[in-house]
Amino acid sequence: MWVATPDAASRSCRPTLFERWGLHTEGNCRTIVDPPRVPRRRCVEIGGAARACDVKPGIRTRPGLIVFDLDGTLVDSRRDLAAAANRLIEECGGEPLDEARIGRMVGSGAAVLVQRALAAGGVREHPAGAVERYLRIYELGLLDHTRVYDGVAELLDSCAKICPLAVLTNKPRTHTRKILSGLDIEARFVEVLGGDGPYPLKPEPAGFEHLARSCGVTPAHALLVGDSAIDLETAERAKTGFCFARYGFGAHSVPPELARRCALVVD
């Protein structure tokens, strides 16, 4: 659970971050109150790890749905993504890349990742079927090192007391479901929408809008949580609130001037 660290003058008071948004949970019930104006800078704890958090003053966050990105938001999957990409590069005669460099290529779907990785690895001619080959390689090792970020499972349990949760990712749905199931967090979500579904990839907002309709809420009463500029653009196109997971490996793509537009920033 995200817990706001109290100021020195009130160390006995530890309200949840959702209470600072005006959301209070008692059992399966939800009570909504007007949130107080809060300073922009807060420290929160996710699980047992303290993180810095920015909240816009006076924000009225009353989500009827919270939608999460997957890679870099719920799970740290960079090592397995990089391993699959490097194996493909080597099979095509190229030179393997640093894990962090490949991590910066993630977010726009498998086809874009393969194109970027092969080009960066020095593969001039991209063979036919390269994307399919990458997906097969990745499927064999997608849970070798991938893990849920610390405190995320507890966070999901807290969020689920407030509203339905969903996943919106550009990763294929089959891979997404295997990761969520393998890491024992799939049951928290009412719907999982992958990049190979009937809707265009993010940042097109159609997938998010579908999730909102499915849960009977408007995008304005939902929240998108993600770690990249693609997620932020998706939220802005959908006209919904955005929580920037600045701890994720896609955070490099969101410069400070864009981060200031986010409703909530979590480090």
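Two strands are taken to pair if DSSP finds at least two bridges between them, strands (E, at least two residues) and helices (H or I, at least four) being DSSP runs numbered from the N terminus. The model is predicted, so that local features need pLDDT of at least 70 and side-chain atom pairs count only at pLDDT 80 or more, whereas totals for chains, interfaces and linings use all residues. Residues are numbered from 1 along each chain as its sequence is written, and side-chain values use heavy atoms, with hydrogens and water left out.

Strand 12 is joined to strand 13 (residues 264-266) by three bridges, the two running parallel, and Phe244 stands opposite Val265 in strand 13. Strand 12 also pairs in the parallel sense with strand 11 (residues 222-226), over four bridges, and Cys243 in strand 12 is the bridge partner of Val225. Because four of the five residues of strand 12 (residues 241-245) are buried, this strand is largely enclosed by the rest of the structure (buried meaning under 20% relative accessible area with a 1.4 Å probe, protein chains only).

How values were computed
Buried means under 20% relative accessible area, exposed over 50%, partly exposed in between (1.4 Å probe, protein chains only).
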